[in-house]
Amino acid sequence: MTDTRRRVKVYTLNEDRQWDDRGTGHVSSGYVDRLKGTSLLVRAESDGSLLLESKINPNTAYQKQQDTLIVWSEAENYDLALSFQEKAGCDEIWEKICQVQGKDPSVDITQDVVDESEDERLDEMSSPGLELPPCELNRLEDLAELVASSLPSPLRREKLALAVENEGYIRKLLDLFHVCEDLENREGLHHIYEIIKGIFLLNRTALFEVMFSEECIMDVIGCLEFDPALPQPRRHREFLTKTAHFKEVIPISDPELRQKIHQTYRVQYIQDMVLPTPSVFEENMLSTLHSFIFFNKVEIVGMLQDDEKFLTVLFAQLTDETTDDDKRHELVNFLKEFCAFSQTLQPQNRDAFFKTLSGMGILQALEVILGMDDVQVRAAATDIFSYLVEYNPSMVREFVMQEPQQNDDDILLINLIIEHMICDTDPELGGAVQLMGLLRTLVDPENMLATANKTEKTEFLSFFYKHCMHVLSAPLLANTTEEKPSKDDFQTSQLLALILELLTFCVEHHTYHIKNYIINKDILRRVLVLTASQHAFLALCALRFMRRIIGLKDEFYNRYIMRNFLFEPVIKAFLNNGSRYNLMNSAIIEMFEYVRVEDVKSLTAHIVENYWKALEDVDYVQTFKGLKLRYEQQRERQDNPKLDSMRSILRNHRFRRDARTLEDEEEMWFNTDEDDLEDGDAVVRPSDKMKTEEDLMEPISKFMERKKLKEPEDKEILAKSSFSGRQNPSFKLAFSGSTKTSLSSPPPSAPLSPGSPGSPGSPGSGARGSSNTAVTTKGGLVGLVDYPDDDEEEDDEDDGESKEDSLPPTKKPRLS
């Protein structure tokens, strides 16, 4: 199923009160006979198996949490939860549950979890607020229990948040924390941990602003060090004050900006390191914490972006040759983090951000940095470059094309990227994969602009194929000089596979640029050398490259393939693969099957004429026999073009007997230029007069009658009418005394040379009247179409000669 609205994860609560993931599937509701009621059904998205089948009981308490969760209990110790991918799906199922139970879908819980009277519930709703116990050491346990009991109920959670906010309770708690820590009161510290964690889950911005203030944030982090589940407290404050150091790569003069950076780092640390991993029910309860960090980052980016002096100094130091390596490393890492922060901006603000960086010369700086030897600096520069390409590839392309023409190709920005991809030292080529993706984005015509004055696609692709393509293909050409790859280790093969993937993309999207490059540099022949690689994935990449070329059905490519016999390495790989049923086998067969199904005539003829002997014994698929049949049909059509047109007529009008249609068919046949026929062809002259009504009503077979030959001549012709050699290229009629209509197409035998005594094309051949399709009827009458009612006319066929004599002279067929 593809409906993401109904996509859910199923959770069950285990004995340790932890939620276990039971699988992902799609939920639906419907009546189940076995359960005798409307039920919730979840089927696994992997195999369609049933993950959950739960009847919606009228008295079960279903609870909706955080817009995407529905929780309920099936039995005393069996709790279930559905976590939806989308809010809309959760709302749909919630409405169904409420409909069955007769509840208003606007409620968050369908039944009362706690057994309390209506009066008590009304009292709670009407009560002005929650009364907190005094913030004293001996009341910490009561306060922790109050916080824990308030979290499940949205109403009580709201009241608790208001009480904590209004009474300044957080600062009182932090003072009490210092007391407990000084007294080493471990029990009190554990209670404070639970209380502070509960305040985080209240998800309230006003409380976060107090906790994350300069005076409070380190104490809050200290409270969260004493997790009761851990034997020893963590040392988060020690790490933040002694280990983590704030580096000002360029001095920040604005104290507000400095304070905002410190706060954001510490809050991010709380979210990532201090708070325990939230359970499935707590994830959305921390949404305000995520938002707090998000908006802080937006403010930081905005304040730095507005400080032109700061950015000017930054880029000046980046490109200054006298800047030492350590300093440059810090500058690049700062710029990388700066760009990462920009991902939080709205599109219009991000646009202004990257325009500012572009105006400051970020691409020129990256060009300098990418040419350095420091691997870490280059890696950071690559990440920055990826932000730029993903945001605005046209900006990068414009810069590349405006680089000074006197620059050597090797120091062009794109060529530096290609070289880093080729020289990636990572065994898994992680960096190379990232760079290949960036190159693919840059050469993708789909994101190129076209204006009235210029076309970015034409200009950039011309530039790329002139200055960069030779750098990209260099490893491929260097490794395919022999019949087998020169280097066939895993890392080299991975790199070549990446290059082939990009070249295949170019074949699909770059039309004549890549076509000229492939044909002029003989790229396909070099690529097919890789089919001999010991790594199957590389051989398959080579096959995929050729398959994309064939899939274009471009005769320039086809002639190039045939001229260089480029199917030979493919067939060699196919035969070397033997009888193994694997991807290699399937990919090669699919390639030939495509040629057959799409009827690529030139390739079909090339394959059969050059490789049939190697393929004729492959009978576990019909692909190659089908190719041979296509080839024979193709030759038949080439040799007999009128047969092809006549078959079209018969195919289109097989069951139509309308006189007007027959007249059209007659005109098509009779208007054939007599000069187009070879000597010995049967010719029927068209009538110079208007056809009579009787003529129009006659079946087409009457128009095609031949004059009955004399018996000795008939025997002589039949004796010489033998099928041999390749089929005659023109449509002929053979006469026989047979009483049955025959339609035969004999199998081809060894071809005869033109002009030989027995060949159909020789001047003295007596079989000139024979054809690859012989259509005869008794008495020498020729029926091109065997209509169902021809039997009724058999009685009239005996006097066919007399009818023939009654035809006007121009209607009588003659033999030349």
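Predicted model: local features only at pLDDT ≥ 70, side-chain atom pairs only at ≥ 80, totals over all residues.
I started with surface charge and found Asp-324, Asp-325, Asp-326 and Asp-373 gathered in a patch of negative charge. For a patch, I take residues with over 30% relative accessible area and no salt bridge, like charges being joined within 9 Å and nonpolar side chains (Val, Leu, Ile, Met, Phe, Trp, Tyr) within 5 Å. Asp and Glu count as negative, Lys and Arg as positive, with His and the chain ends not counted. I place each charge at NZ of Lys, CZ of Arg, CG of Asp or CD of Glu. Areas are Shrake-Rupley with a 1.4 Å probe, and for residues only the protein chains shown count as cover.

Numbering runs from 1 along each chain as its sequence is written, and side-chain values use heavy atoms, with hydrogens and water left out.

I then placed Asp-324: it lies in the loop between helix H12 (308-319) and helix H13 (325-342). Helices (H or I, at least four residues) and strands (E, at least two) are DSSP runs numbered from the N terminus. Asp-324 is partly exposed at 45% relative accessibility; the scale is buried under 20%, exposed over 50% and partly exposed in between (1.4 Å probe, protein chains only).

**Rings**

I searched the whole structure and got 21 aromatic pairs. Rings of Phe, Tyr and Trp (its six-membered ring) pair if their centres lie within 6.5 Å; planes under 30 degrees apart are stacked, over 60 edge-to-face and the rest tilted. Phe-310 and Phe-334 are edge-to-face, 5.5 Å centre to centre with 65 degrees between the planes. Phe-310 sits in helix H12 and Phe-334 in helix H13, so this pair ties together parts 24 residues apart in sequence. Phe-310 is buried at 6% relative accessible area. Another edge-to-face pair is Phe-464 with Tyr-465, at 5.7 Å centre to centre and 85 degrees; Phe-464 and Tyr-465 are both buried. I also noted one aromatic cluster made of Phe-310, Phe-334, Phe-338, Phe-353, Phe-354 and Tyr-391.

Most residues other than glycine have a negative phi. Leu-429 is in the loop between helix H18 (413-422) and helix H19 (430-442) and is buried at 2% relative accessibility.

**Salt bridges**

How many salt bridges does the structure hold? I count 29, each a side-chain nitrogen of Lys or Arg within 4 Å of a carboxyl oxygen of Asp or Glu. Arg-7 meets Glu-45 at 2.9 Å, N to O. Arg-7 is in strand S1 (residues 7-13) and Glu-45 in the loop between strand S3 (37-44) and strand S4 (50-55), 38 residues apart. Arg-237 and Glu-225 meet at 3.0 Å, N to O. Arg-237 lies in helix H9 (residues 236-243) and Glu-225 in the loop between helix H8 (217-223) and H9, so parts 12 residues apart are tied together. Glu-225 is buried at 2%.
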